[in-house]
Amino acid sequence: MSRSKPIRFGGPARKSASRSPQTLDIEGLSHEGRGVARLDGKTVFVSGALPGEQVMARIDNDRNRYAEAQTLEVLSASPDRCEPGCQHYGQCGGCDLQHLRHDQQIHFKQDQALDQLKRIGNLIPEQIEAPLVSLPWHYRRSARVGINQLQRNGEPLIGFRRRASNKLLQIEQCEVLDIRAQDLFRGLRDSLTGLDDLKSITHAQVQYGDSRGALTLRTKKPLRADTLARLQPLAQQFDLQLYLEDAQGTQYAGNDAEQPLTYALPAFKLELGFAPGDFLQVNPDLNRQMVSRAIEWLDPQPQDRVLDLFCGLGNFTLPLATRCDEVIGVEGSEAMAERATANAKANGIENATFFRNDLSQDFRHQKWYRTGFDLILLDPPRTGAREAILQLIGYRAKRILYVSCNPAMLARDGAELTQAGYRLSRFCAMDMFPHTAHVEALALFELTP
């Protein structure tokens, strides 16, 4: 392997617990985005390394079956390596693939998902569609920001957790957060400096809709009037409405009239409302693409009855309602089911009905379960939807679309569907979180005649 100009990684070096730095040849990438090498017959997972590279690495964690290492210097770089776009990369725990060219990240994610489908579920898609991708920077419309106080001088500490640590890193700017929030970290730090009740605030949640957003401060006790007086204009400066959350709930704390928080799905002429703390798909551009492709693949017809499980505030349910006879949305959260109902009413949709049920438990006694469905959409959490699938396969729905945020659970659940007579007809990876190893995907299962 030819040796290019070495790339050195900054930051203080920690003393290795087991051995001196090693020269390693990187053979692949693990599912969490670390380079994979071999040393003395043992697999080594190397942070900051890419396939085809030779690196100098420090072994930080040497276990019986594998070791973990940190790249100190790239001796021979991959052509897919690039300069990270964030000043905090390598220290902040939010991103782990900024050193890999963005146009290559989605190929890595697709390969990882397909590998897990085959290895865990013995699933091979009949058709692999083009991945869904978005712009790599300023794509996040929501984030949780940690708030603490430096012991040495009392200065506010505003940022995200450090990599492989629970401690906070002071953040100046986040290059993946909505452009409207670029200076919010500095603004929070300036507004909170010198306040006596700073320690009453544990973190802030930022969520943006299309026109405005919410800044929700989690507090351990009520904030003083002078603290609120500093924070209210700060929120307005960043197109955010101020809310306070404690053990009793969330309250609006702005100094002007509260305005609705919404985002649009233009392809379906829908506008959905949300409240602070609601689950939102973090990447609005990718979400719009995802919803459109989901509807295209399910292909609901005017006579179809559709079931949407883990429906949230109606992100898929309401677009489905514009194409079918009736859609039932089921969600584990009562508040989200109520929000979805309100969104249906606000958009003039009368053929969507929402229910609250724990979908990890037996729901076969529920009224909505008793009538069959032609199509089913599943958008489960990372734990998957196995319990629900086992109760649904008796419907013999024509098509089941699985929206996955965990390829391992998709493989496990997909195996249940194939055993019940379905085939994995279409698959696509989605880059919902650029610069991270997190993989999302759409998988369409069709009933075999």
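A cavity is a set of grid points where a 1.4 Å probe fits but cannot get out. This predicted model holds one such cavity of 30 Å³ or more.

**The cavity**
- About 30 Å³ of space lies inside the largest cavity.
- Its lining is made by I376, L378, I389, L392, I393, I400 and L417.
- Strand β21 (375-378) and helix α7 (386-392) each give at least two residues to that lining.
- Seven of the lining residues are nonpolar, with no polar and no charged ones.

**Q112**
- Q112 sits in helix α1, which covers residues 102-121.
- Leaving out residues up to four places away in sequence, Q112 touches L29, S30 and H31.

**R81**
- R81 is found in the loop between β7 (66-76) and α1.
- The side chain of R81 makes a polar contact of 2.7 Å with the side chain of E53.
- A polar atom of the R81 side chain also lies 2.7 Å from the backbone oxygen of G48.

Definitions and conventions. Residues are numbered from 1 along each chain as its sequence is written. This is a predicted model: local features need pLDDT of at least 70, side-chain atom pairs count only at pLDDT 80 or more; totals for chains, interfaces and linings use all residues. Side-chain values use heavy atoms; hydrogens and water are left out. Helices (H or I, at least four residues) and strands (E, at least two) are DSSP runs, numbered from the N terminus. Contact means heavy atoms within 4.5 Å. On a 1 Å grid over the protein atoms alone, a cavity is a set of points where a 1.4 Å probe fits but cannot get out, and a pocket is an open set with protein on both sides within 12 Å along at least five of seven lines; lining residues have an atom within 4 Å of a point. Grid points are joined across faces, edges and corners, and a volume is the space filled by probe spheres set on the points. Ala, Val, Leu, Ile, Met, Phe, Trp, Tyr, Cys and Pro count as nonpolar, Asp, Glu, Lys and Arg as charged, and the others, Gly among them, as polar. A polar contact is a pair of N or O atoms within 3.5 Å; within protein, one must be able to donate a hydrogen and the other to accept it, and residues adjacent in sequence count only if both atoms are side-chain atoms.
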